[in-house]
Amino acid sequence: MTAVRDVLNRYANSSFSFIVVGHSLGAAWAFLNAAFFTTLNDVNQRMSAIYTFGQPLLGSASFVNQIVEKFNRPVERYVRVVNQNDLIPHIGCKKCIQPEFANEKWVMMMTTTNPVQWKDCHGGQDPTCSSGLSCRHLSWANHSAVGSFSMRGEFCRIATNA
């Protein structure tokens with residue numbers, strides 16, 4: 001919090017704001033950090049959005065809704081990006097009902113002939129979005145990609161000193 005407040009204070013006289021972002025387990029952590037930030041008025045006023053990619057569910061929809069209601073303008077501020085058949089956003093749920101206040105951006109399957117298609121799902125209980133998928137249609141295959149952008153090893157090109 002010291003580092004966050006230092007940066008916010010450095011730009012106190014500007015319209016500077018920040019976005020909380022995370023992927024997979026990092027998305028769950030980002031969401032929980034954003035929930036904490038809502039309890040700090042000076043930080044919450046400067047937090048413009050929370051974007052999660054492939055975020056696992058953090059509890060029941062009721063639990064997450066209670067947290068999201070603390071975000072100002074929750075539907076505009078919390079965006080949950082979910083790949084069409086990604087297993088991770090559904091882990092731990094018996095019936096995969098996403099949070100009511102989630103603004104889900106559902107990444108439709110991409111093929112070699114079709115570009116990436118996105119669907120806006122306002123409210124996570126829309127059965128035509130990821131909430132409507134049965135578990136037998138979910139897999140690990142798409143977890144590390146968002147559209148044509150991959151977070152797998154082929155994306156990471158770190159050279160070694162060896």
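Reader: Let's start with charges: which side chain does Asp 42 meet in a salt bridge?

Author: The general idea is that side chains of opposite charge can pair when their charged atoms come close. In this predicted model, Asp 42 and Arg 5 make such a salt bridge, with N to O at 2.7 Å.

Reader: Where in the chain do Asp 42 and Arg 5 sit?

Author: They link distant parts of the chain. Asp 42 belongs to helix α3 and Arg 5 to helix α1, which covers residues 2-10, and the two are 37 residues apart.

Reader: And is Asp 42 buried, exposed or partly exposed?

Author: Asp 42 has a relative accessible area of 40%, so it is partly exposed. Arg 5 is also partly exposed, at 30%.

Reader: How many salt bridges does the count come to?

Author: Two. As for cover, Asp 120 is partly exposed at 44% relative accessible area, and Lys 105 is partly exposed at 23%.

Reader: Now a charged residue without a partner. What is the nearest side chain of opposite charge to Arg 46, and how far away is it?

Author: Asp 42 again, at 8.0 Å. A salt bridge needs a nitrogen and a carboxyl oxygen within 4 Å, so at that distance Arg 46 has no salt bridge, although it is buried.

Reader: Then which backbone oxygens does the Arg 46 side chain reach?

Author: One is the backbone oxygen of Leu 8, at 3.3 Å. Another is the backbone oxygen of Tyr 11, at 2.9 Å.

Reader: Where is Arg 46 found, and what does it touch?

Author: Look in the loop between α3 (41-44) and β2 (47-53). Leaving aside residues up to four places away in sequence, Arg 46 touches Leu 8, Tyr 11, Ala 12, Ser 14, Phe 16, Ser 17 and Phe 18.

Reader: Phe 18 brings me to rings. How many aromatic pairs does a search of the whole structure find?

Author: Four. One of them is Phe 18 with Phe 37, an edge-to-face pair at 5.8 Å centre to centre, with 80° between the planes. The pair links distant parts of the chain: Phe 18 lies in strand β1 (residues 18-23) and Phe 37 in helix α2 (residues 25-37), 19 residues apart.

Reader: Why does Phe 18 count as buried?

Author: Because its relative accessibility is 15%, and buried means under 20%. Phe 37 counts as buried as well, at 8%.

Reader: What kind of pair do Phe 31 and Tyr 78 form?

Author: Their planes are at 50°, so the pair is tilted, and the ring centres are 5.1 Å apart. Here the link runs from Phe 31 in helix α2 to Tyr 78 in strand β3 (residues 78-83), which are 47 residues apart. Phe 31 is buried, with a relative accessible area of 0%, and Tyr 78 is buried with 0% too.

Reader: Which residues form one aromatic cluster?

Author: Phe 18, Phe 36 and Phe 37.

Reader: Let's pick a loop residue: where does Asn 142 lie?

Author: In the loop between β5 (117-122) and β6 (145-146). Asn 142 is partly exposed, with a relative accessible area of 21%.

Reader: What share of the contacts comes from residues 24 or more positions apart?

Author: They account for 69% of the contacts with a separation of 6 or more.

Reader: And how much of the chain is buried?

Author: Buried residues make up 40% of the 162 residues. The chain exposes about 9,400 Å², and carbon and sulfur atoms supply 56% of that area.

Methods:
Residues are numbered from 1 along each chain as its sequence is written. This is a predicted model: local features need pLDDT of at least 70, side-chain atom pairs count only at pLDDT 80 or more; totals for chains, interfaces and linings use all residues. Side-chain values use heavy atoms; hydrogens and water are left out. Helices (H or I, at least four residues) and strands (E, at least two) are DSSP runs, numbered from the N terminus. Buried means under 20% relative accessible area, exposed over 50%, partly exposed in between (1.4 Å probe, protein chains only). Lys and Arg count as positive and Asp and Glu as negative; His and the chain ends are not counted. A polar contact is a pair of N or O atoms within 3.5 Å; within protein, one must be able to donate a hydrogen and the other to accept it, and residues adjacent in sequence count only if both atoms are side-chain atoms. Contact means heavy atoms within 4.5 Å. Rings of Phe, Tyr and Trp (its six-membered ring) pair if their centres lie within 6.5 Å; planes under 30 degrees apart count as stacked, over 60 as edge-to-face and the rest as tilted. Accessible areas come from the Shrake-Rupley method with a 1.4 Å probe; for residues, only the protein chains shown count as cover.
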